[in-house]
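Here are my notes on the model, in numbered points. Please read them alongside the coordinates.

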Amino acid sequence: MNEEKEARISALAAEILNLSRDRILMQMRFLDVALAALVPEEKAGADGFSCDGKHLYYDAHAIIRAYRREQASVMRMLLHVLFHFLFSHGFRYERMEKEIWDLAADMAAEHAVMELMLPEAELRSDFAKKEVLAYFERQGVKLTAEVLYRHLRRNPPDLDDLMELSRLFFVDFHDTWNEGGEFSVSLADWKRIAERAKAELQSFSQGKNMRAVEENLTEATADRVDYRAFLQRFVVSGEAAELNDEEFDYIAYSYGMSQYGDKPIVEPLEYREVNRIHDFVIAIDTSASCRGEMVRAFLRHTYSIMKTSACFFDEMLVHIIQCDHQVRSDTVIHDQNELEEFLADGKLTGFGSTDFRPVFAYVEELIGRGEIGSLKGLIYFTDGRGIYPEKAPDYETVFAFLNESGLPLTVPPWAVRICIDEDMLTEREKERN
């Protein structure tokens with residue numbers, strides 16, 4: 001009898017799951033590929049729902065209890081788990097503070113689900129959740145997991161508030177997220193699924209407010225820039241004082257040594273053609289909205305790449321220009337010793353409003369006076385809020401934003417736009433200290 005009862009319970013739970021999936025597909029066609037990627041798998045004795053990127057684990061009894069309590073709960077659970085993986089929440093787990101990331105990811109997922117405004121997925125707790133999320137929005141916090149996470153780390157709630165918020169937004173367990181193991185479906189696979197959903201969303205969302213879903217999908221599908229590799233875009237050819245083993249004739253060298261003792265007939269070339277950076281501009285937005293510690297962290301990280309990867313020639317010409325609404329300073333770096341001195345003693349100046357145009361006008365003056373010869377590129381580190389030039393310069397320009405700022409729509413199309421991971425900069429600063 002018990003076996004028959006358990007079989008009926010399993011069949012009923014599977015039917016409830018299938019019904020919930022069908023309801024989502026009927027109204028949210030842009031989620032079809034994502035839903036197909038999740039394979040329900042019954043796991044007896046589980047306290048709740050969890051997902052490893054491919055398998056959606058559930059306990060049949062828990063499904064039925066949840067459905068009896070609120071019919072919308074199972075559909076809501078599916079959407080919540082789905083958005084976790086569409087937004088890549090599970091793949092960033094290992095380097096995060098678990099409790100804070102759990103809460104931030106749950107808040108972002110619930111916000112996106114509630115924005116869909118599906119009556120079949122509404123819960124009695126939604127009103128309280130919306131009040132909490134509205135509070136964060138009034139603080140100017142964008143409701144994506146990464147931004148919420150950084151805000152909660154900088155402004156940690158006390159333990160009681162943290163536990164209360166975690167209970168309010170809890171839907172699924174995250175114990176199957178990447179705790180040293182591998183996901184059944186990779187980040188690259190889910191990124192492709194997210195890109196498909198993002199493209200489908202464009203036609204689905206016409207006339208609807210889908211800003212939260214779009215922002216989270218944009219964040220999830222954005223390329224994480226390998227800044228070290230990115231600097232290679234600006235290399236130029238030149239000679240460096242290094243032994244050139246590639247063009248050295250070892251046969252002739254060995255013959256000379258054998259015939260004439262210690263008198264080789266050929267010697268290795270003392271110069272070789274290499275690709276490195278020579279003339280370069282790093283512009284720093286020192287407006288009030290750019291935090292000084294992040295500016296210094298960016299400069300130190302850039303310097304560490306220069307130093308360890310031998311990006312620069314021994315003699316370099318690097319202008320570090322500080323600007324808010326006008327150029328405040330220009331520090332010219334000729335070698336690595338000067339760069340080290342600037343990082344140790346250089347002060348940030350400005351902290352007014354932001355206008356990017358003075359930097360480009362100033363650089364044109366330097367080029368016109370011959371103080372800069374062949375400028376390969378300019379990197380502008382900024383929060384992105386300011387007045388941009390209308391005309392593209394003759395050199396490549398990159399606007400580097402912290403990922404918290406996102407990619408502002410006002411950036412002109414001729415500029416390259418990249419996001420730099422603030423968590424990475426923070427970790428580098430911790431290692432340095």
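**Notes on strands, a helix and a histidine**

1. Val39 has His55 as its bridge partner in β3. Strand β1 (residues 39-42) runs parallel to β3, and four bridges join the two. Strands count as paired if DSSP finds at least two bridges between them. Helices (H or I, at least four residues) and strands (E, at least two) are DSSP runs, numbered from the N terminus.

2. A word on provenance. This is a predicted model: local features need pLDDT of at least 70, side-chain atom pairs count only at pLDDT 80 or more, and totals for chains, interfaces and linings use all residues. Residues are numbered from 1 along each chain as its sequence is written, and side-chain values use heavy atoms, with hydrogens and water left out.

3. Strand β2 (residues 50-51) pairs with β3 in the antiparallel sense, over two bridges. Ser50 stands opposite Tyr57. Three residues lie between the strands of this hairpin, and Gly53 takes a positive phi near 100°.

4. Strand β3 (residues 55-58) is covered on both faces. His55 and Tyr57 are buried on one side, Leu56 and Tyr58 on the other. Buried means under 20% relative accessible area, exposed over 50%, and partly exposed in between (1.4 Å probe, protein chains only).

5. Helix α7 (residues 145-154) is mostly covered, with eight of its ten residues buried.

6. Where does His174 lie? It sits in the loop between α8 (159-169) and α9 (187-204). His174 counts as buried because its relative accessibility is 6%.

7. Which side chains make polar contacts with the side chain of His174? That of His84 does, at 3.4 Å, and that of Asp172 does, at 3.3 Å. A polar contact is a pair of N or O atoms within 3.5 Å; within protein, one must be able to donate a hydrogen and the other to accept it, and residues adjacent in sequence count only if both atoms are side-chain atoms.

8. Leaving out residues up to four places away in sequence, His174 touches His84, Tyr93, Asp102 and Asp106. Contact means heavy atoms within 4.5 Å.

9. Overall figures. The protein has 16 helices and ten strands. Of its 433 residues, 49% are buried. Among contacts between residues at least 6 apart in sequence, 70% join residues at least 24 apart.
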